[in-house]
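Here are some questions and answers for a reader who is new to this structure.

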Amino acid sequence: SLEGLTVNNTLIADVDLSNNSNLIGLNLSESEISNLDLSQNDFIETLSLRQTLLTEIDVSNLTSLEILSITNTNIPSLQLMSNPNLEQLNISFTPISNLDLSNNILLTHFSLEETLISSFDFTIFTQLRQLIVRNTSILSVDVSQNQALELFYFSDTNIQEIDLSNNSNLRFTKGENCPNLQNIHVRNGNNINFFIFNLIGSTNLDFVCVDDVAYAVANFTDIE
């Protein structure tokens, strides 16, 4: 029976999945699909919806869902309380203004881009390894409890201060076009293991706290 289905770049407006109860992976992108019934697909683990005409999606029965990507859609709300196994979540270019992830504490990868969300508590994701916050009205990001964090990318935000002093596993830090960013603390004992530290476009940056000033001056050159 069918376990994986990809429908890309088509004019297909309707997909009937009621007879595909063993479906594990579903990828719909660049399609005219405006309605999607997943009530008979309880075993889906990976779901990707990009650039469709969907305005709502019900994933409450997908208790095995591990990877969810919703991008370039007009879906205004999303309920994920019934998806405790979710590990990777990408919410981008959607009008979602509120998102409750209190039951999704297993997240390891989280991307939040071009949404209407103005505040969010990231501290509950103690296993988070990658975090992307881009082009949002979020004013502060607390990653003090995300000690497994390896990649942190933030851009086009109004964030004023970032404290990464508790993120000793960090390897990639990139903050682009954040003109309100004034202070960043990266004295975490791990600066020597950074392979990217980039703050291009942070024109009002006043203070950078690092492990070793001489090392930072020689190696952290993408700052302006």
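Q: In this predicted model, how far is the sulfur of Cys178 from the closest cysteine sulfur?
A: The model is predicted. The closest cysteine sulfur to that of Cys178 belongs to Cys209. The distance is 19 Å.

Q: How many disulfides does the count come to?
A: A pair of cysteine sulfur atoms must lie within 2.5 Å to be a disulfide. Cys209 is in no disulfide, its nearest cysteine sulfur being that of Cys178, 19 Å away. By this rule the count is zero.

Q: Is Cys178 buried or exposed?
A: A residue with under 20% relative accessible area is buried. Cys178 has a relative accessibility of 0%, so Cys178 counts as buried.

Q: Does Cys209 count as buried or exposed?
A: The cut-off for buried is under 20% relative accessible area. Cys209 has 18% relative accessibility, and therefore Cys209 counts as buried.

Q: Which residues gather in a patch of negative charge on the surface?
A: Asp and Glu count as negative, and like charges are joined within 9 Å. One of the patch residues is Asp37, which lies in the loop between β2 (25–29) and β3 (46–50). Asp37 is partly exposed, at 48% relative accessibility. The patch is made up of Asp14, Asp16, Asp37, Glu56 and Asp58.

Q: What is the phi of Glu30 near?
A: Most residues other than glycine have a negative phi. Glu30, found in the loop between β2 and β3, has a positive value. Glu30 is partly exposed, with 32% relative accessible area. Its phi is near 50°.

Q: Where is Phe93 found?
A: Phe93 is a residue other than glycine with a positive phi, near 55°. At 35% relative accessibility, Phe93 counts as partly exposed. Phe93 is found in the loop between β5 (88–92) and β6 (109–113).

Q: How far apart in space are Gln130 and Phe172, C-alpha to C-alpha?
A: Gln130 lies in strand β7, residues 130–134, and counts as partly exposed at 32% relative accessibility. In sequence, Gln130 and Phe172 are 42 residues apart. In space, C-alpha to C-alpha, the distance between Gln130 and Phe172 is 9.2 Å.

Terms used:
Residues are numbered from 1 along each chain as its sequence is written. This is a predicted model: local features need pLDDT of at least 70, side-chain atom pairs count only at pLDDT 80 or more; totals for chains, interfaces and linings use all residues. Side-chain values use heavy atoms; hydrogens and water are left out. Buried means under 20% relative accessible area, exposed over 50%, partly exposed in between (1.4 Å probe, protein chains only). Patches are made of residues with over 30% relative accessible area and no salt bridge: like charges are joined within 9 Å, nonpolar side chains (Val, Leu, Ile, Met, Phe, Trp, Tyr) within 5 Å. Accessible areas come from the Shrake-Rupley method with a 1.4 Å probe; for residues, only the protein chains shown count as cover. A salt bridge is a side-chain nitrogen of Lys or Arg within 4 Å of a carboxyl oxygen of Asp or Glu. The place of a charge is taken as NZ of Lys, CZ of Arg, CG of Asp or CD of Glu. Helices (H or I, at least four residues) and strands (E, at least two) are DSSP runs, numbered from the N terminus.
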